[in-house]
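Dear colleague,

Please find below the structure for your review. A summary of the findings follows it.

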Amino acid sequence: MIDTYHVPVLRDRTIELLITDLNGIYVDATFGAGGHTRALLQSLSKEAKVFGFDQDDDAAANVGGDSRFQLCQYNFRFIKKVLRLNGVSQVDGIMADLGVSSHQFDKEERGFSYRGEAMLDMRMNQKSELTAKTVLATYRESELLNIFSVYGEVRNARQLTRQILDCRAKRPLETTQDLLNAINPVMKGDKFKYLAQVFQALRIEVNDELNALKDLLEQGFELLKPGGRMVVLTYHSLEDRMVKNFFKYGNIDGEIVSDFYGNIKRPFEIITKKPIVPDMKEQKTNPRSQSAKLRAGAKV
Ligand SMILES: C[S@@+](CC[C@H](N)C(=O)[O-])C[C@H]1O[C@@H](n2cnc3c(N)ncnc32)[C@H](O)[C@@H]1O
């Protein structure tokens, strides 16, 4: 496996927080290049088992020969069903390192980066149907507005949406360059930040990332043994808020749920009172780590 494929963020800290039983069963929900999985396998005993999920076919090339590891080429939103098919109903720990890998981002033809010239694809799972091109060509004004304002937190989302509608009426937006040309006149503030927000918003929609995360958190909680850990690395505030709320209240909206006696339900013991962030050295050597936040909880 090539180092440049993807450098795992907060690798050692993630694994330390995850392991409670050296002989246990663990899930890496976002296998990618397998950097976290390899560190996990190195720390565990011969009796342990690790399941890795990844919806991108490219990830299969990164599986080594460790018999304790099994790759599940599925969206992690099916974690419960897939593990059940493998005879597993309880696990000791689940980790997720969300978003796209450097490999996906840097592979120009995948269309994740505004720096390349490629079709507007942005699918992590190359077999799924919805692409960014389809989103831009077919979504209604209200839907696009929602994507740019909520997923991208783009400050002039309304103006951007109108601009896209005007442009697509003249000519279909098919490539990353078409999109760049279309939005160029309405970009506000730091150009690179703006583009990153627009591309992130489309990527989240294409891959239905927030609903998949909700499913992972809910099913993951059911799968965990009492005392078992969930450790999640997020890269933007929407994901981080969902994880924070889930660890605190057991739901992604942060709704306070009380029992019959009025005691607030606390499904997790929160291990990381504040999120862990990479130190300056890691941020410098791995710029992708700059926005990372690591949270860990233990099922009560
Ligand atoms: C940030 S990378 C993980 C890198 C990995 N920790 C490593 O050390 O190489 C995220 C990976 O998760 C995968 N992924 C993201 N969302 C997913 C989902 N809902 N289901 C399955 N895989 C997903 C992506 O395809 C990508 O390969």
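The accessible surface of the protein amounts to about 14,700 Å², and carbon and sulfur atoms account for 49% of that area; the areas come from the Shrake-Rupley method with a 1.4 Å probe, and for residues only the protein chains shown count as cover.

This is a predicted model, in which local features need pLDDT of at least 70, side-chain atom pairs count only at pLDDT 80 or more, and totals for chains, interfaces and linings use all residues. Residues are numbered from 1 along each chain as its sequence is written, and side-chain values use heavy atoms, with hydrogens and water left out.

Of the 300 residues in the protein, 55% are buried, meaning under 20% relative accessible area (1.4 Å probe, protein chains only).

The protein contains 12 helices and seven strands, which are DSSP runs (helices H or I, at least four residues; strands E, at least two) numbered from the N terminus. Its C-alpha atoms fill a box of roughly 60 × 50 × 40 Å along the principal axes.

Helix α9 spans residues 191-206 and reaches 23 Å from its first C-alpha to its last, close to the 22 Å expected at 1.5 Å a residue; the expected span is 1.5 Å times one less than the number of residues. In α9, 12 of the 16 residues are buried, among them Tyr194, Phe199, Arg203 and Glu205. The cover over these buried residues of α9 includes α5 (132-138), α6 (141-151), α7 (157-170), α8 (176-183) and α10 (209-223).

Yours sincerely

Conventions
Buried means under 20% relative accessible area, exposed over 50%, partly exposed in between (1.4 Å probe, protein chains only). Contact means heavy atoms within 4.5 Å.
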